[in-house]
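Biologist: Please take a close look at one part for me, the backbone in the loops. Then link it to the wider picture.

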Amino acid sequence: MENERRRWRRIGRRDFLKGVGAGALAVSLAGCGVDFSQKRQGGQDPSKVKGEFSWTREKGKTINLIFAQHPMADSFIAELPSFENLTGIKVTYDTLPEEEFFQKVRTDLSTGQGNYDAFMAGPPNNFQYAAAGWNEPLDDYINNPALTDKNYNVEDFYPACIDVNTWDPKGTGKGSLWAIPANEEAYSLFYRKDILEQAGMAVPQTFDEVISAAAKLDGQSFGGKKITGFVGRGDKTFPTMTGGFSSAFGAYGGQDVSPDGEVLINSPETVKAVTKWAELQQYSPDNVGTFTWYESMNHFAAGNSAFFIDADHMSETFENPDASSVVGKVGYGLPPQGDAGRACGIWIWSLAMAAASQNNIAAWLFVQWATTKEQLEKAIPKGNINPTRQSLANSDTMKEYTKDWGNYNEAWQTILSDYAKWRYIKSPKFPELGDRWALAIQEVVLGKKSAQEAMDEAAKDTQSILD
Amino acid sequence: MTSSRRLPYLLLLPGIALLVAILYPFLSGVYWSFTDFDLALGQNPTFAGITNYLTSFAPGGEGLHAFLITLAYAALAVALQTALGFGVALLLMREGAHIKFIRALIVLPLLMPPVVATMMWRVMMIPDGVLNYMLGWVWLPPFDWLGSTSTALFSVVLIDTWIYTPFVILILLAGMQSIPTEIHEAARVDGASYPREVWNLVVPLLRPFFIIVIVFRGIDSLKMFDIIYTATRGGPIDATMNLHVQAYFTGVRDLNIGESMSFLVVLWVLCYGLAFVLLRIRRGRMA
């Protein structure tokens with residue numbers, strides 16, 4: 001008995017652990033062979049669907065959606081019962097805070113699970129997902145009269161919005177449309193009307209004028225508050241590039257990457273744009289390096305700054321008495337001029353579809369329904385601005401919603417139709433490149449390096465990421 | 001006979017399942033750190049040897065920078081918290097009703113989610129925040145806590161210290177209470193002064209407890225993520241970018257899983273090394 005127990009022990013512990021360890025290693029290595037490059041085509045081929053268009057075509061199906069927390073998502077979710085009534089499709093959905101949302105979507109798409117049939121996406125996501133073959137090109141759906149209502153009118157969307165979502169991962173030709181734009185922001189020069197009036201100053205029109213006005217107002221007191229001359233995003237991640245900085249970048253004719261893949265971020269034009277932006281940021285709060293759009297917006301909404309360049313639809317916050325102490329005091333200006341005129345970037349929230357979806361036609365019916373003129377108009381009073389359809393810009397709903405917001409409804413339309421454009425490389429690598437460039441801008445703003453020095457180094461690093 | 005032969009293996013099954021569940025993700029991660037696995041490219045990972053390690057941890061590479069920040073952060077945090085925790089624990093060894101109250105109060109920071117505590121400190125550390133206001137009381141100039149590359153690491157360690165010093169206090173206090181009073185009395189009869197008593201008696205007897213504190217706080221601060229990410233996201237520039245935050249940016253934002261895993265493997269080696277060495281020392285002493 002004693003002998004037997006000891007024998008068990010001896011075999012049991014040492015050898016067993018070794019055996020299990022080796023087994024686990026083998027299983028792990030086998031598991032690493034998951035195929036990440038497979039083409040994940042699920043569901044029906046959209047070009048082969050025939051017949052009359054009908055909202056009830058996919059009756060009885062269930063689709064699963066995922067949204068980031070955003071007024072656009074809320075406005076769609078509130079209307080879901082009417083979609084279910086119209087189509088007979090059952091909808092389940094998840095809503096997550098932005099960061100967790102991106103992780104969840106990436107996990108689901110990259111593993112090809114196809115748990116989510118349609119999802120919310122921003123521009124860099126489209127590039128990442130499309131390059132990997134994770135999301136579905138939508139042209140075959142839009143061009144098939146059996147799948148798209150003849151009243152849908154895709155021409156009604158602002159060209160700049162469609163352009164952001166159109167991309168060819170191979171870099172040749174115009175490419176496919178990867179997502180339908182549903183919410184738009186471009187970048188306005190916000191100014192405090194009351195402060196400019198009190199100081200006897202005109203609204204600045206060029207970057208040099210904004211810099212000198214910010215310098216004069218910085219540190220002065222208005223309404224009992226000591227203000228900073230300016231505020232803008234200063235965080236070291238790519239949204240700093242796509243936000244207010246994109247106005248300086250475009251206004252001085254900056255370029256990031258040439259068509260043949262050469263990084264131009266250290267060209268004289270871009271270096272000048274960075275220099276001007278850094279000059280302006282000297283009049284921002286000292287800890288501007290930690291400011292994302294959220295901190296910047298709150299700083300301005302609390303009445304702490306004279307100028308701010310960022311997403312025009314932040315008007316929603318500025319004109320809300322519960323969130324702002326500057327209600328009725330904000331002017332919505334065009335992006336300031338530089339050597340190459342006025343310019344700014346653009347950001348779109350869109351609806352996209354998973355390539356692995358088994359219910360792709362039902363998912364398309366949802367995407368189509370959510371972006372019809374009728375639904376996007378219903379979404380306006382729920383806070384989904386700016387609309388992406390031209391016919392809604394001057395609709396009564398939009399006029400009514402923004403009636404107390406000064407010149408807002410004219411300003412955003414001019415910015416979108418004349419100046420807004422996606423200004424950076426459309427590449428799955430954009431977040432990584434953008435993060436590196438934003439870091440260089442921060443180095444200049446914090447006075448650690450000269451603009452030329454910082455951008456030279458950033459160009460070198462990002463060239464090696466691209467090559 | 002045969003059934004009693006199989007039974008032990010059968011009983012081991014849950015343990016084996018657990019072991020596989022732990023080892024499988026870990027070994028996958030280690031394997032990926034030797035590949036060019038990049039989700040953004042949508043290609044299957046191919047074996048790349050030690051390329052990830054060579055490029056990141058070369059002089060000037062972001063891995064090497066993050067490695068040094070990780071070490072600096074952990075060294076600062078552990079040193080500060082051990083010293084402070086030891087001092088406070090000594091004070092709390094006294095008797096009295098107010099001491100009991102303070103002992104109960106002192107764990108409060110530990111009960112708060114670190115992200116919430118960090119948000120709170122972030123607000124206090126803004127240029128017009130309450131910390132600079134208080135500096136003004138003693139005629140000191142305002143301090144750019146989180147906004148400057150030269151002070152951010154220190155400020156983040158300060159937040160860490162506020163949250164985790166109570167943990168050190170709790171452990172060391174328990175240790176001090178386990179020292180028999182006779183030893184203290186004997187020391188006093190022999191005429192030892194209080195500082196001498198602390199240095200020659202309490203400190204050596206607390207040695208195993210110090211090791212526990214350094215192992216736990218050391219590993220925790222080596223792999224610190226939540227406080228740094230909430231306070232500075234690794235910035236300004238890269239002043240607080242440790243291995244864990246760097247791995248997050250590389251892996252989750254840039255989708256470069258291979259490189260990200262190489263950071264995490266190095267972090268794992270650091271943590272394992274620390275625990276291994278300290279527990280060795282402890283076992284040696286005890287035996």
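Modeller: Start with Pro236(B), in the loop between helix H12 (226-231) and helix H13 (243-253) of chain B. Helices (H or I, at least four residues) and strands (E, at least two) are DSSP runs, numbered from the N terminus. This is a predicted model: local features need pLDDT of at least 70, side-chain atom pairs count only at pLDDT 80 or more, and totals for chains, interfaces and linings use all residues. Residues are numbered from 1 along each chain as its sequence is written, while chains are lettered from A and ligands numbered from 1 in the order in which they are written.

The peptide bond from Gly235(B) into Pro236(B) is cis, with omega near -10°. Most peptide bonds are trans, and most residues other than glycine have a negative phi. Chain A has a cis bond as well, between Ile385(A) and Asn386(A), with omega about 0°. Asn386(A) sits in the loop between helix H16 (373-379) and helix H17 (390-393) of chain A.

Now phi. Leu255(B) is not a glycine, yet its phi is positive, near 65°. Its loop runs between H13 and helix H14 (257-286) of chain B. Leu255(B) counts as buried because it has 22 C-beta neighbours inside 10 Å. The cut-offs: buried means 20 or more other C-beta atoms within 10 Å of the residue's own, exposed means 12 or fewer, and partly exposed is in between; C-beta atoms are placed from the backbone.

Asn153(A) also has a positive phi, about 55°, without being a glycine. Its loop joins helix H6 (139-142) to H7 of chain A. With 13 C-beta neighbours inside 10 Å, Asn153(A) counts as partly exposed.

Now the wider picture. Chain A holds 21 helices and twelve strands. Of its 467 residues, 49% are buried. Chain A splits into domain 1 (58-184 + 347-419) and domain 2 (186-346 + 422-466); these bounds come from an automatic or database domain assignment. Their centres, taken over C-alpha atoms, are 28 Å apart. Across the boundary, 27 residues of domain 1 of chain A are in contact with 24 residues of domain 2 of chain A. Contact means that the C-beta atoms, placed from the backbone, lie within 7 Å. Elements giving two or more residues to the domain 1 side include helix H7 (159-164) and helix H19 (408-419) of chain A. H19(A) gives the largest share, seven residues.

Notes
Contact = placed C-beta atoms within 7 Å.
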